[in-house]
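Colleague: I would like to learn how to read strand pairing and salt bridges in a model like this one. Could we go through them one at a time, with the general idea before the case?

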Amino acid sequence: MSTSAGVDCSSSDDPAFSYPYGVVVDAVGNVFVTDAADGSSGIDQVWVLPSTAPTIPKLVAGPTTAVAEDPWYRDGVGHQARFNYLRGVAVVATGTVVVADQDNHVVRRISAIDSAQADPADTSLVNTFAG
């Protein structure tokens, strides 16, 4: 997964993790973190902290804000994907990020996509891998 994927955070918007659970470092030193929601917000997210400058954290997948009626399971691009209690995370040799979505009882993969989307979060695609 390219570190150009995801939403940049300014210094005032750096991620304030709820329950960071999974952490993995890829072959080039990028750090991926899964953050489970606090149980009421419904905001489970996957972040990357790039190994090269600028080292601004980027949201790779998951919503930026909670919506009460939102389902907690949705495949899709970047910020449209929804998770329910993210746990483990791994990066395979191709750069694909794999996460355990515990309460949805599935394993999901997050792949980089070439996109000319206006929203930078739309440079990743989340889909169900197993479950």
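Colleague: How do β9 and strand β10 pair, and over how many bridges?

Modeller: Two strands are said to pair if DSSP finds at least two bridges between them, and the strands themselves are DSSP runs of E, at least two residues long, numbered from the N terminus, while helices are runs of H or I of at least four. Here β9 and strand β10 (residues 124-130) pair in the antiparallel sense over 6 bridges, with A112 standing opposite S124 in β10. This is a predicted model, in which local features need pLDDT of at least 70 and side-chain atom pairs count only at pLDDT 80 or more, whereas totals for chains, interfaces and linings use all residues. Residues are numbered from 1 along each chain as its sequence is written, and side-chain values use heavy atoms, with hydrogens and water left out.

Colleague: Which residue in β9 is the bridge partner of V99?

Modeller: That partner is R108, and β8 and β9 pair in the antiparallel sense over 5 bridges. Their hairpin has 4 residues between the strands, and H105 takes a positive phi near 60 degrees there.

Colleague: How many salt bridges does the structure hold, and which residue forms one with D75?

Modeller: A salt bridge is a side-chain nitrogen of Lys or Arg within 4 Å of a carboxyl oxygen of Asp or Glu. The structure holds 2, and in one of them R108 is joined to D75, with the closest N and O atoms 2.9 Å apart. That pair links distant parts of the chain, since R108 lies in strand β9 (residues 106-112) and D75 in the loop between β5 (58-61) and β6 (76-77), 33 residues apart. In the other, the side chains of D101 and R108 meet at 2.6 Å, N to O, and salt bridges that share partners join D75, D101 and R108 into one network.

Colleague: What else does the side chain of D101 reach?

Modeller: D101, found in strand β8 (residues 97-101), has a side chain that reaches the backbone nitrogen of N84 at 2.7 Å. Contact means heavy atoms within 4.5 Å, and, leaving aside neighbours within four places in sequence, D101 is in contact with residues including Y73, R82, F83 and V106.

Notes: A polar contact is a pair of N or O atoms within 3.5 Å; within protein, one must be able to donate a hydrogen and the other to accept it, and residues adjacent in sequence count only if both atoms are side-chain atoms.
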